Amino acid sequence: MGADIHGFVECRATYGTLDEGKARWHAAMDLDLLYGGRSYDAFGCLFGVRNHAGFRPLAGDRGIPADVSSRTRQACQEWDPDGHSPSWISWAELATVDWDEPAEAVDERVHEYTRTPDRDWVRTGKSFRGHQGRPEGAEWIEDGILLRVVRMVRRDAVPEDGEWAPVWKAMSALADVHGGENVRLVVWFDN
């Protein structure tokens with residue numbers, strides 16, 4: 001059974017609507033409008049969900065923020081009891097991430113490569129077959145497929161120009177207006 005991500009980019013406006021003298025959070029954009037993928041490497045790297053690649057999660061198990069927008073809270077509650085692993089991360093945090101930081105462990109899956117007609121090896125997938133505790137960097141060929149034990153870096157899991165780019169662009173644009181500490185991504189997962 002697969003896991004999917006849901007959530008909202010939230011923004012706390014630095015002008016306009018104030019609640020008891022302080023700005024409140026607004027659900028600025030539904031994550032479904034910006035991200036339509038299912039990348040377990042990204043889920044693990046960012047939030048610790050399906051973390052087969054062994055990353056120290058950037059924002060694992062934080063829960064839903066106490067001051068979350070009513071729209072985000074309502075959407076999250078609609079997933080009960082199937083929703084799980086709610087968390088959040090601010091743009092200020094994301095803007096300081098070392099995307100070249102290696103995972104804490106080698107990937108539990110072996111990376112699979114097949115040959116192109118030009119005889120180059122191209123990664124075609126990952127699987128749990130054949131790992132059997134082999135060390136980082138080990139590689140072997142089975143059935144014409146090159147198998148390799150790899151330690152990923154954050155950039156491998158969340159490529160700069162990959163499917164998370166629209167999320168980062170939206171958050172960055174809001175942060176340019178309101179500041180990085182006033183923009184966050186609030187998420188939860190389902191199975």
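Leaving aside its neighbours within four places in sequence, which residues is R109 in contact with?

## R109 and its surroundings

R109 is in contact (heavy atoms within 4.5 Å) with D41, H52, A53, K126, S127, F128, H131 and M152, once neighbours within four places in sequence are set aside. This is a predicted model, with residues numbered from 1 along each chain as its sequence is written, where local features need pLDDT of at least 70, side-chain atom pairs count only at pLDDT 80 or more, and totals for chains, interfaces and linings use all residues. Side-chain values use heavy atoms, leaving out hydrogens and water.

You will find R109 in the loop between helix 3 and strand 6 (110–115). Helices (H or I, at least four residues) and strands (E, at least two) are DSSP runs, numbered from the N terminus. With a relative accessible area of 8%, R109 is buried; the cut-offs are under 20% for buried, over 50% for exposed and partly exposed in between, using a 1.4 Å probe and protein chains only. Its side chain makes a polar contact with the side chain of D41 at 2.4 Å, and another of 2.8 Å joins it to the side chain of D107. Such a contact is a pair of N or O atoms within 3.5 Å; within protein, one must be able to donate a hydrogen and the other to accept it, and residues adjacent in sequence count only if both atoms are side-chain atoms.

## The nonpolar cores

A nonpolar core here is a set of buried Ala, Val, Leu, Ile, Met, Phe, Trp, Tyr and Cys residues joined through side-chain atoms within 4.5 Å. The largest one has 40 residues, and L94, W164 and L185 have the most contacts inside it. Two or more residues each come from strand 1 (4–12), helix 1 (40–47), helix 3 (91–94), helix 5 (165–178) and strand 10 (183–190). Helix 1 gives the largest share, six residues.

Beyond four places in sequence, L185 touches residues including F8, F47, W88, W164 and M171. Another core, of five residues, lies apart from the largest one, with V110, A138, L147 and V149 among its members.

## Cysteines

How many disulfides are there by this rule? The count is zero, taking a disulfide as a pair of cysteine sulfur atoms within 2.5 Å. For C76, the closest cysteine sulfur is in C11, 20 Å away, so the pair is too far apart for a bond. C76 counts as buried at 14% relative accessibility, and C45 is buried at 0%.

## The chain overall

The chain has five helices and ten strands, and buried residues make up 45% of its 191 residues.
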